[in-house]
Amino acid sequence: MSVSSSSRTAQLQIQSSLLAWLDRNKSKLGKWTLIGLVVAYVAFLIVTPISALVVGAFQKGIGASIASLNDPDVFVAFWNTLWISLVVVIIHTVFGTVVAWIFVRHRFPGRNLINGLIDMPFAVSPVVAGYMLLLLFGRNGMLAPVIDALGIRVAFAMPGMVLATLFVTLPFMIRELIPVMEAFNTQQEKAAATLGANGWQTFWRVTFPALRWGMIYGITLTFARALGEFGAVLVIGGGVQGHTETATLFIYRALDERQYIGAYSAALALGLFSLILVLGSDWLRQREH
Amino acid sequence: MSLQTTIESSNTNSTYQPSLPWGRWSIRFVALSYLLVMLIIPLLVILQDGFSKGLAEFWRQISLPMAWHALQLTLWTSAVMTIINTIMGTLTAFVLVRYDFPGKRLLNGIIDLPLAIPTLVTGVMLVILFGPQQALGAWLKDQFNFSVIFAPPGIILALLFLTFPFVVRSVQPVLMELDRVQEHAAATLGAGAWTIFRRIVLPPLSLPVITGALLSFARAIGEFGSIVIVAGNIPFVSQTAAVYVFGEVESENRLGASAVSIVMVAIAFGLLMFADYLRQRSKGRTA
């Protein structure tokens, strides 16, 4: 009886001291629980898959991975990806700037609707984007007579793949530039104009330097998205080996043909390339500020 | 991601006349014809094609069992992803803004990684991790009879990976701006941590949370690259709407491809317009 009652008191004592400890450290406990939860989630969702790719690519040794990439098809595929992305970046830099400019500076009917439409490529499936172009430029497409008369090939050729990538990457440049342009103070331009600069001089000497970082970020995001485009170029380009095959299409085919080391290594190379691009521009920006 | 930025009308800008009228008109012409060619014509073409055989045929194509199942699978996996992503994204933003801990900057950097990684590569990563021949995948299958790859969980995981930045980056700046005086007042008056969070922190965050959730959902509806790798193309099991459209394009069933495409485009458009409307409304309120 006395034994059980003393053990009961001890139990109560432990319990109450535990409760007191919890009470004292409640906010601390809550803080570290939340941090632990978030870190575990990010580790599971993002870090683990990335590590798995690195391990998977090098499972037969670095030599085997490099050997698997030393293949003419791989060179053609990465080359295609690179130059499609470059063309897309150049076109969007020029026209994206113009579009952002009229959105910030001009008022015209239908502006709100078009502003909403600009984000559409972000949500429209890449497959649908490629398919739209196929409907326009494909064998029985609406513009097929025009294309045939001009003697150009768009579908299952590079021009179509460039167009598809252009559609998919449309919002990035414009969305990066609009806020920078809005924040830009027009008084500087007025001052330049007062001092006798013409429109072009004002743009080039005053406006452009202020927009530089928005532009660099827009270029980076467009480039990264273009490098990784898959669905749209698959539908419009057909992924002909060594011809209209891009880096992503090569990875897809290599997986299909069970060349796992080649697929994983190419995926790692493409992912790294894209990552270096984004981290590089981040680093440049941090160094500047 | 600055997709959530919209244009504000500001008086100083609209009264400003940069150059001669013909310059204004030509620049406007260039910009609008670029958008017309790149964006509007392709979107109209698909509408025209989908409805070319009439509304009845459009409905018949949508209600084919395979198409209907693909659309349903897309919607429910995206919805599950959106719920998880909204909760975890808000929590992540909260932890990043309110707490200091070692590795915080690294964590903040990792959040943007999904934007830099091609979605197809994301799919490859998940297959290496959970594929039926891989250690983890085989173990899950043996012990729990749980498949990730070629099944809906794989789709949800892939979608979670690639939309993770949206909610975090939408909530984070608003949370940073939040004045903490009210929270301290509530704490002084005896409110618990959860009450403070629910009654004081959450209300101003509702708009960025909802916008981030809508963007995640809109982005998920059309996802193809990662899903085709992770889920394959198994009708009635793991075939999503985008994969279905791809199959119909390959087999030259134009009407089926166009009809399901239109449904996907319409959902995307509706969601983006709704997100835009919410943003405009909140701007009107605060201004």
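Chain B holds 14 helices and zero strands. Chain A has 15 helices, again with zero strands. This is a predicted model. The two chains touch: 74 residues of chain B are in contact with 78 residues of chain A.

**Chain B: overall build**

- Along the sequence, the pattern of chain B reads α-α-α-α-α-α-α-α-α-α-α-α-α-α.
- Taken along the principal axes, the C-alpha atoms of chain B fill a box of roughly 70 × 65 × 35 Å.
- Chain B has 287 residues, and 41% of them count as buried.
- Consider the contacts in chain B between residues at least 6 apart in sequence: 77% of these join residues at least 24 apart.

**Chain A: overall build**

- The C-alpha trace of chain A spans about 105 × 65 × 35 Å along its principal axes.
- Chain A has a radius of gyration of 28 Å, whereas a compact globule of 289 residues would have one near 19 Å.
- Of the 289 residues in chain A, 43% count as buried.
- Among contacts in chain A with a separation of 6 or more, 77% come from residues 24 or more positions apart.

**Where the chains meet**

- The contact between the chains involves 74 residues on chain B and 78 on chain A.
- Helix α2 of chain B, residues 21-50, gives the largest share of the chain B side, with 16 residues.
- By class, that side of chain B has 55 nonpolar, 13 polar and six charged residues.

**A helix pair across the chains**

- The crossing of α7(A) past α13(B) is left-handed.
- On the α7(A) side, the contact is made by Val127(A), Val128(A), Tyr131(A) and Leu134(A).
- On the α13(B) side, Ala242(B), Val245(B), Phe246(B) and Val249(B) take part.
- The residues of this contact divide into eight nonpolar, no polar and no charged.

**An open helix in chain B**

- Helix α10 of chain B runs over residues 181-188.
- Of the eight residues in α10(B), the number buried is zero, so this helix lies largely in the open.

**One residue in focus: Ile261(A)**

- Ile261(A) has its place in helix α15 of chain A, which covers residues 260-288.
- Inside 10 Å, Ile261(A) has 19 C-beta neighbours, and it counts as partly exposed.
- The cut-off explains the label: a residue is buried if 20 or more other C-beta atoms lie within 10 Å of its own, exposed if 12 or fewer, and partly exposed in between.
- Leaving out residues up to four places away in sequence, Ile261(A) touches Lys60(A), Ala64(A), Ser65(A) and Ser68(A).
- Ile261(A) and Gln15(A) are 246 residues apart in sequence, and their C-alpha atoms are 57 Å apart in space.

Technical notes. Residues are numbered from 1 along each chain as its sequence is written. Chains are lettered from A and ligands numbered from 1 in the order in which they are written. This is a predicted model: local features need pLDDT of at least 70, side-chain atom pairs count only at pLDDT 80 or more; totals for chains, interfaces and linings use all residues. A crossing is left-handed if the near helix is turned anticlockwise from the far one by less than a right angle, and right-handed if clockwise. Helices (H or I, at least four residues) and strands (E, at least two) are DSSP runs, numbered from the N terminus. Two residues are in contact if their C-beta atoms, placed from the backbone, lie within 7 Å. Ala, Val, Leu, Ile, Met, Phe, Trp, Tyr, Cys and Pro count as nonpolar, Asp, Glu, Lys and Arg as charged, and the others, Gly among them, as polar. The radius of gyration is taken over C-alpha atoms; the globule rule is 2.2 Å times the number of residues to the power 0.38.
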